[in-house]
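Please open the model in your viewer and keep the selection panel at hand. The tour goes from one selection to the next and says what is there at each stop.

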2 protein chains.
Amino acid sequence: MKTSVIDRLQEHGIKPSLQRIAIMKYLMGNYTHPTADIIFNKLYPSIPTLSKTTVYNTLKLLAQQGAITEITIDEKNVRYDADISPHAHFRCKHCGSVFDLPVKNLASIAAKNIQGFVVTDAQLYCKGYCKKCKTKAPGLC
Amino acid sequence: MKTSVIDRLQEHGIKPSLQRIAIMKYLMGNYTHPTADIIFNKLYPSIPTLSKTTVYNTLKLLAQQGAITEITIDEKNVRYDADISPHAHFRCKHCGSVFDLPVKNLASIAAKNIQGFVVTDAQLYCKGYCKKCKTKAPGLC
DNA sequence: TTTTAAAATTGTACTTATTACAAATTTGAT
DNA sequence: ATCAAATTTGTAATAAGTACAATTTTAAAA
């Protein structure tokens with residue numbers, strides 16, 4: 001049985017409110033690495049009182065508590081991921097999409113390279129061209 | 001013999017100008033992962049006509065041509081690194097410093113996980129607490 | 001050496017993601 | 001029902017980065 005939205009919040013010490021549940025639920029249902037702005041625009045129709053500040057605050061809280069992961073593969077804006085298992089990300093330089101990449105040994109890679117540092121988390125970001133984009137306009141890419 | 005600043009520019013198809021040389025030289029002499037703003041402020045006294053736009057444009061050009069690497073470990077601003085050999089980065093969540101971490105097999109890790117993607121570059125970002133910060137205020141960290 | 005076109009640089013104005021903060025609302029205990 | 005704490009909201013501010021037109025520099029041709 002997979003963890004419910006409310007469970008995920010509570011496991012990370014976050015009191016579930018309407019807004020927090022909606023944001024966490026959206027992320028757990030859409031593994032598309034959305035930005036704060038995308039999340040706001042998706043939820044706004046069903047929660048018309050929602051504020052963008054709440055979205056930013058909540059995402060920061062969720063990330064701080066380890067309920068979600070912040071992805072900074074895109075220099076424009078931060079993206080968010082409810083998949084907190086160790087895996088890498090790939091971003092297409094042409095279309096901008098962010099994909100998941102399975103990586104077996106991410107945790108051990110990070111752990112190996114400590115020299116007096118305390119490593120709490122590690123992110124592997126790969127960039128290049130995705131299946132769709134590698135064919136069209138390869139020179140321009 | 002290590003490559004000179006001008007060589008590094010020319011190797012990557014960049015015509016060396018006063019400003020480009022100054023920026024590339026600064027990066028090759030300071031492996032501190034500076035931001036565009038830091039670079040501007042360091043060079044401005046000696047090049048009083050320098051524009052911040054030029055710094056941004058030049059850094060983007062250098063990165064595009066592969067003469068330097070963009071580091072997005074910090075969600076606030078992009079950092080730059082003249083060390084283009086494969087290595088990882090560590091950022092202290094307390095003091096914000098970014099350190100280099102040697103990693104043997106970064107290239108192979110990235111290559112292993114392609115499934116139809118063309119991977120042009122890979123970055124491993126680790127976060128946690130550095131030697132100095134892990135001792136003081138460990139609870140707050 | 002003068003001319004001239006392309007390339008590079010500059011300054012200003014703008015965009016946009018994110019944050020600060022104070023007011024308003026909601027929650028939960030008494 | 002009351003009250004304090006927690007949460008949410010809206011607005012205003014900040015700050016990184018970009019667009020763009022004007023100016024300056026470069027370098028080659030005449």
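This is a predicted model: local features need pLDDT of at least 70, side-chain atom pairs count only at pLDDT 80 or more; totals for chains, interfaces and linings use all residues.

Residues are numbered from 1 along each chain as its sequence is written, and chains are lettered from A and ligands numbered from 1 in the order in which they are written.

**DNA strand D.** Select DNA strand D and the 20 residues that surround it, of which the closest are A:Ser17, A:Ser51, A:Thr53, A:Thr54 and B:Val78; a residue is near a strand if its C-beta atom, placed from the backbone, lies within 6 Å of it. Two or more residues each come from helix H2 (18-29) and helix H4 (52-64) of chain A, and from helix H3 (36-43) and helix H4 (52-64) of chain B, where helices (H or I, at least four residues) and strands (E, at least two) are DSSP runs numbered from the N terminus. H4(A) gives the largest share, four residues.

**DNA strand C.** Move to DNA strand C, which has 21 residues around it, with B:Ser17, B:Gln19, B:Ser51, B:Thr53 and B:Thr54 coming nearest. Here the elements giving two or more residues are H3 and H4 of chain A, together with helix H2 (18-29) and H4 of chain B, and the largest share, four residues, comes from H4(B).

**Chain A against chain B.** Now show both chains: 30 residues of chain A are in contact with 30 residues of chain B, contact meaning that the C-beta atoms of two residues, placed from the backbone, lie within 7 Å. On the chain A side, strand E5 (118-129) is one of the elements that supply at least two residues, and E5(A) gives the largest share, twelve. E5(A) pairs with strand E5 (residues 118-129) of chain B in the antiparallel sense over eleven bridges; strands pair if DSSP finds at least two bridges between them. To find one bridge, select A:Lys127 and its partner in E5(B), B:Asp121.

**Two helices of chain A.** Finally, select helix H3 (residues 36-43) of chain A and H4(A), which pack at an angle of about 125 degrees with their axes 10 Å apart. Where do H3(A) and H4(A) meet? A:Ala36, A:Ile39 and A:Phe40 in H3(A) meet A:Lys52, A:Val55, A:Tyr56 and A:Leu59 in H4(A).

Notes
Axes are lines fitted to C-alpha atoms, for helices over the stretch in contact, and angles run from 0 to 180 degrees between N-to-C directions.
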